[in-house]
Amino acid sequence: MRRRSLRLLAAAALSAAALGLAATPSASASASASASPAPASTASDNVVAPAAAAGNQPYASFWYPTTILDWDPATDPDARFNRSRVPLRPRVSDPALKANADARAGEGGIVSLVSFAPTSNNPSQGSLDPRYYAFGHWQYVDKLVFWGGSAGEGLILAPNPTVIDAAHRNGVKVYGTVFFPPTAYGGRIQWVHDFVKKSGTRYPVAEKLAQVAQHYGFDGWFVNQETAGGDAALATELRNTMRYARSLGPVEFMWYDAMTESGSVSWQDALTGANDAFLQEGSQRTSDSMFLDFGWGTSALDSSRTLARSLGRSEYELFAGVDTEANGYDTGVPWSAVFPAGRPHTTSLGLYRPEWTHNSSTSRADSYAREARFWDGANGDPSDTTTTSSWKGLATYVAESSPVTAKPFVTSFDAGQGDFYHSGGVRVSSSGWNNLSLQDVPPTYRWLVRSDGTKLKPSIDFTDAYEGGSALRLTGTLDAVNTVRLYQSRLPVAADTRLSVVLKTPAAGPTHLKAAVAFTDSPTTFTTFDLGSTTSTGWERRTLDLSAYAGRTIAQIGLRTTGTTASYDIRVGQLAVYDGTVDAPSAPTAPTVLGTTDTGAGTRSLRLAWTASSAGDVHHYEVYRRDPDGGRTFLGATPNDSYFVPKLERVGTETSTTLDVEAVSTEFGRSPAASTTVTWSATTSTNLALNRPATASGQCNGTETPAKAVNGSVAGGNGDKWCTLTTAKWLEVDLGASRTLDRFVVKHAAAGGESASWNTRDFTVQVRESTTAPWTTAVTVTGNTAAATTHPVAVTARYVRLAITRPTQTTDPAARVYEFEAWGS
């Protein structure tokens, strides 16, 4: 296999296409984008995210080795929003219940290295964009690495809490990333020395790594050291740093096969005598696992297994890397080397950038189809992965694991994204969204249907929901009994255990549906419970008494259809197994608006916090606004005790808006609401620069004109911007008259879908009253990395000017500004 090391992540900091997220650069900018990578001297460890305004978007944390030393959760305004509150769930994997006869349980696992967004632009708690990589095949994954880091943004990236929440709810560990890039892509060997620098017997950066992981609630770090210029002493100190951090626990490390014990960077494609000390050194455990570079084959993995065992370590702590970033399931892989047929797995498997399924897709439906092909195989059935393609699907090799090991278990088949939001079957928001913190445990089997006739088609349906943004839907021709296996489980039944099903039919009448459970004493034999007929076309609940089965343990949960109908269509909005009655938690207390930021005419973003419920097990908190007509509109939800509201809209001329926060229990009972108020000013601030005359120092081509920066749009592709390559770079707008201004907003390259490495780094905003008056500097920014920046002011001016002194995070000379806004009245 042709080598393609993880060093190519650094290229992603320079090339938008490498992230699979950005559009192709404009013709004028492409030459600079494809020029030689920035030399190390251009990179800086003084890049820090600007201090957040009171109501601004919080982002996942990132640092350099020197800047992480200054991190303190008590002073970081984003830290509160970056905490996960979901503990790691235990999982089961019963070999008797595996979908695929060839899959093996308890042997090789899978780690996924996933980039959810650029390093400097990972929203902490989801966003209003319904198109997102909402991964739904956790049952095959053991660890997820929150992949990122670049010379121009930061080397150390902590995962955001939505990913941690979803992973932990599915029993999957999450690691942050420490990335030291190759020198050709801005790497500095000094950064590695800073990382291992000692203070007496302490390793201060290691202490911060442990503190960050423990405070934010994730499990460890993936360390990728690809910077040349090291020596054996530095390699030794890297091992000591990881061991020191592990001693502070609990924090784990995965080491990437790049730097060797000599200090040189030399990919081994195996565990060898040149790198084994990074896994185990005598009696000392250095890291918890190792990711082997992509050039391995049968002999390399066989020898790696032998060496691992000789060190007293499991071969399944070695993850043989497969690069799927470019070609996804069209990637050639020597599967028999890692997963030999009929024999124990040789090692575990490491997947680099499996979010190809999302990045290469044309729609959400296409993304889900690609993900199913990637994980379940070409037939959409993990039990039948036969295909002429060499990519059979991961279900062929690795048996499913399930976190459904304790009551209550509730799923509404919420995928963690949607085009609306429902609560109890009622639409409370019509806005699109993504938030993996709200994702339910996906079905263990996607999809496993047994029938002597035509198989029904299960799907995640985004057109209706009981809770959240999606539901389970069964459609097709019903001409025989269908058994749909959904969840593997380990749920003990007590005398008051209930099984609840919420369902909906297109017309009142027979559901032809039964709930089905199997018990551990006969795990493949289902006991069924008829769900009868519906009396309406709305959501209806059936609550079933399981007391007759007290003392037994549920091993599987599914559905069974009976009867016949030419066009069967039913939605299942919720499945739940719980004891007694549905419990409601106590209400949260003291909701407080930490701050607001005006984002448009009559819109604000805001940061909200509260004191967690004192009684009851809380699954999440929901935030609503009270509407003038007496209704409520859903604004978002989180398991945390704080939430960023991306958009609060003023209704008419209301002078204040009441916000409600209510707790939702793990059984989906709801608390009373706790309330607070946001006050609106009497005057409304508007973007006074919108469509006003604009001039500039120059433009990259005939279409990237100054007018593009004041047209109110960032969605028109990468030509919907002002771009210039002039030495002096400035953009000037005539507001038409002297106006009172309260803030400036600048939307940089990533706001329009381009690489975050092209976000404007250093700039000023200047103002003046007339063409003869001198310019006065109202805003000065250095070290920006964000896609959009907001700058509060209190000035009066007719002319406003954006002056750029450093246009990008790299040496790329092109300034790219999608919008320059001047807000006021």
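Predicted model: local features only at pLDDT ≥ 70, side-chain atom pairs only at ≥ 80, totals over all residues.
Strand β2 covers residues 110–114 and is mostly tucked away, with five of its five residues buried. In a regular strand, side chains alternate between the two faces of the sheet. Here, I110, S112 and V114 point one way, while V111 and L113 point the other way.

On to the neighbours of β2. Strand β12 (residues 348–352) runs parallel to β2 and is joined to it by four bridges; in this pairing, L113 sits opposite Y352. Strand β3 (residues 143–146) is also parallel to β2, again with four bridges, and there S112 faces L144.

Now for the helix. With 17 residues (232–248), α7 spans 25 Å from its first C-alpha to its last, close to the 24 Å expected at 1.5 Å a residue. Its buried residues are L234, A235, L238, R239, T241, M242, R243, Y244 and A245.

The axes of α5 and α7 lie 9 Å apart, and the two helices pack at an angle of about 45°, which makes α5 oblique to α7. The crossing of α5 past α7 is left-handed. On the α5 side, the contacts come from I189, V192, H193, F195 and V196, and on the α7 side from L234, E237, L238 and T241. Among these α7 residues, L234, L238 and T241 are buried.

Technical notes. Residues numbered from 1 in each chain as written. Heavy atoms only, no water. Buried < 20%, exposed > 50% of the residue type's maximum accessible area, 1.4 Å probe, protein only. Pairing = 2+ DSSP bridges. Expected span 1.5 Å × (residues − 1). Axes fitted to C-alpha atoms, helices over the stretch in contact; angles between N-to-C directions. Parallel < 35°, antiparallel > 145°, perpendicular 65-115°, else oblique. Left-handed = near helix turned anticlockwise from the far one by under 90°. Contact = heavy atoms within 4.5 Å.
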